[in-house]
Amino acid sequence: MTRTEPAATRDKERTRRAILDAAEQLFAEHGSKASLAAIAKAANVTQSGLRHHFPSRAELLSGVVEHTIDRCWAEVHARIDLSENRPGKFTRGYIRAMTGGGDLYGTILDPIALSAALGNLSEVESLYTRDAEKLNAAFDADGLPRARVLIIRYAADGLAVARSSPYLTGADLAAARAELLAMTEEP
């Protein structure tokens, strides 16, 4: 009997992730007007299955925001070069994540736009506040001057958003990325 318990947990986790992935995509496409029926269908679950994991729309919205935040952190950590044993390691990982080939940040970067699409929930606001505190702490512990990190960080954020626009060419993105990475090195 105990042999089937881990499989049930994995199925539950996989189903929850499928719901979150589907909801994230449909909310990005349709805003908060995305129906729960459409989300359930996209996740290949029943509406009662969706409600089992997320009893209310507010819990689903909070789950999507938390899932997105977790994915962003994973992307940054995947881009950190552990062999770089000098100040700025986290900041360089952040730059690579924001200006790299993935489109995660280009589609979900702006928490203000996501909040506008999903509606302003206090639970969502507290998730963003907690994430901002965690992100600020990671940058503060990275060993670079705070003012320089602020310039690098928000420039990388702007590049991530502009990446999908006609205003930023691939060559310009590569040049800006190289410059931001150079700014993380001590003179």
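**Close-up views of helix packing and salt bridges**

**View 1. Helices α4 and α8 form a right-handed crossing.** In this predicted model, local features require pLDDT of at least 70 and side-chain atom pairs pLDDT 80 or more, whereas totals for chains, interfaces and linings use all residues. Residues are numbered from 1 along each chain as its sequence is written, and side-chain values use heavy atoms, without hydrogens and water. The axes of α4 (residues 57-78) and α8 (residues 122-140) come within 9 Å and cross at roughly 15 degrees; the two helices are therefore roughly parallel (angles under 35 degrees). Helices are DSSP runs of H or I of at least four residues, numbered from the N terminus. Axes are lines fitted to C-alpha atoms over the stretch in contact, with angles from 0 to 180 degrees between N-to-C directions. A right-handed crossing has the near helix turned clockwise from the far one by less than a right angle.

**View 2. E66 and R130 form a salt bridge.** Their closest N and O atoms are 3.6 Å apart (cut-off: a side-chain nitrogen of Lys or Arg within 4 Å of a carboxyl oxygen of Asp or Glu). E66 lies in α4 and R130 in α8, so the pair ties together parts 64 residues apart in sequence.

**View 3. E84, R86, R92, R96 and E185 are linked in a network of salt bridges.** The closest N and O atoms are 2.7 Å apart for R86 and E185, and 3.7 Å apart for E185 and R92.

View 4. The C-alpha atoms of L181 and R92 are separated by 6.0 Å.

Technical notes:
Angles under 35 degrees count as roughly parallel, over 145 as roughly antiparallel, 65 to 115 as roughly perpendicular and the rest as oblique.
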